[in-house]
Amino acid sequence: MDTEKNATEAYIGKEARYGARNYAPVHVVVDHARDCLVWDVEGREYIDMMSAYSAVSHGHLHPRIVAAAHRQLEKVAVTSRAYFGTTLGPFLEKLAQVTGFERALPMNTGAEAVETAIKCARRWGNRVKGIPDGMQQILVARGNFHGRTTTIVGFSSEAGYRDGFGPFCGGFQHFDFGDMESLKAAATEHTCAVLVEPIQGEAGVLLPPPGFFQELRAWCTDRQVLWIDDEVQSGLGRTGKWFAFEHEGVRPDALVLGKALGGGLLPVSAFCADEGVIGVFSPNSHGSTFGGNALAAAVALEGLKVLEEEQLVERSAERGAYLLGRLREVQDEVRPLIREVRGRGLWIGMDIEPACATARDLVERLAARGVLSKETHETVIRFAPPLTISYALVDRAVEIVREVMQEKHRESGLQGKPAAVVDA
Ligand SMILES: *Cc1c(COP(=O)(O)O)cnc(C)c1O
């Protein structure tokens, strides 16, 4: 026990000693994981209610995806795009089938796929819409999260993501998420695209008002502006549909995918669009050494098949509705500690009353009792388990959430006080 305890300290110590300090991880040292469960170096078991921000939507080490990786590792892993291969074509074909878009450009990380979207939108704005090159404008939402490159953080509205990293790239205008009037006010004749998440994840799992994307679709069509839908986190079943845009019965002009696209094993991302948009790319205009490599394509293809054949999208809708309902029961029991429980599918944000607790404190208490979650900002806890989660495991996780919330509720001494007292 003592040596294991020392192991925890030693691993944390080494990361802290030799790593750049750009993260503040929860103090759990993961040793191994399978499906929805994770074990630390001391042998403690955790329910993964985080799944690496949706990168592990299939569950950890899904046997079919691991087998596909092993098969490909007996053949070839990386050749660069200098040559054709046997796995990229089938992967792109499957991606076209599930997204409904004619073509895709494979990259590795989400940020790279977003960069690809930005380049495509600008070139399309110039070549197709006739905006003078260098004048193209892209509208982005306040509170956005699209990755960490200098271009992308340059249009973040989060001070911590930008501070000290200038000068930034021009050509981006902000609007208020979910507000068409503010979007219209920000647009100019040089606007070539609107880049937006369907649900703002990093901002706290924020849903736009119903009808926003229908209005956006109509406005974009009318003004000859591309709607680029960043579904790096929301896509591939997370919200209970294959893609979150389907909830509003409308279709964007282009789709950005990442995270779960890698089947929980590898970084795989893609920019997807129809010929009239993605056709602006010509040889030498864009690329990536590792993008679409043979191993990544084999893994991603199997990941898409697993989502489909194991009906993980339907599971996300059913279990997500159940989890949301159960967490709202907890909310009722500990008023006013939890301000709101919101989400779609297996993607839920729990908004904590700041007068009672910080989200981080609760995330640490949950981890100590065996539930892995993650805070965003000071007040929101995110729950996003693998889409494979069983009802029994959802129940186990909810019981632990209940215990932790009731404990905090008793400590904070605000039980039964009206909300006005808390606000004061
Ligand atoms: C995570 C995320 C990204 C960036 O993906 P990385 O793989 O971390 O570069 C982009 N957009 C959204 C919506 C994301 O959630």
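Helices (H or I, at least four residues) and strands (E, at least two) are DSSP runs, numbered from the N terminus. Contact means heavy atoms within 4.5 Å. Axes are lines fitted to C-alpha atoms, for helices over the stretch in contact, and angles run from 0 to 180 degrees between N-to-C directions. This is a predicted model, where local features need pLDDT of at least 70, side-chain atom pairs count only at pLDDT 80 or more, and totals for chains, interfaces and linings use all residues. Residues are numbered from 1 along each chain as its sequence is written, and side-chain values use heavy atoms, leaving out hydrogens and water.

Start with the sheet. It is open, has 4 strands in the order β1-β2-β3-β13, and its pairing is mixed (two strands pair if DSSP finds at least two bridges between them). β1 (30–34) and β13 (371–372) are the edge strands with a single partner each, so one side of each has no neighbour in the sheet. Strand β3 (residues 45–48) runs parallel to β13, joined by 2 bridges. Asp48 stands opposite Leu372 in β13. Helix α14 (residues 391–412) lies across β2 (37–40), β3 and β13, at about 105° to β3.

Now the rings. There are 8 aromatic pairs (Phe, Tyr and Trp, by its six-membered ring, with centres within 6.5 Å; planes under 30 degrees apart are stacked, over 60 edge-to-face, the rest tilted). The Phe155 and Phe172 rings have centres 4.3 Å apart and planes at 35°, so this pair is tilted. Both residues, Phe155 and Phe172, are buried (under 20% relative accessible area, with exposed over 50% and partly exposed in between; 1.4 Å probe, protein chains only). Ring pairs also link Phe177, Phe212, Phe213 and Trp227 into a cluster.
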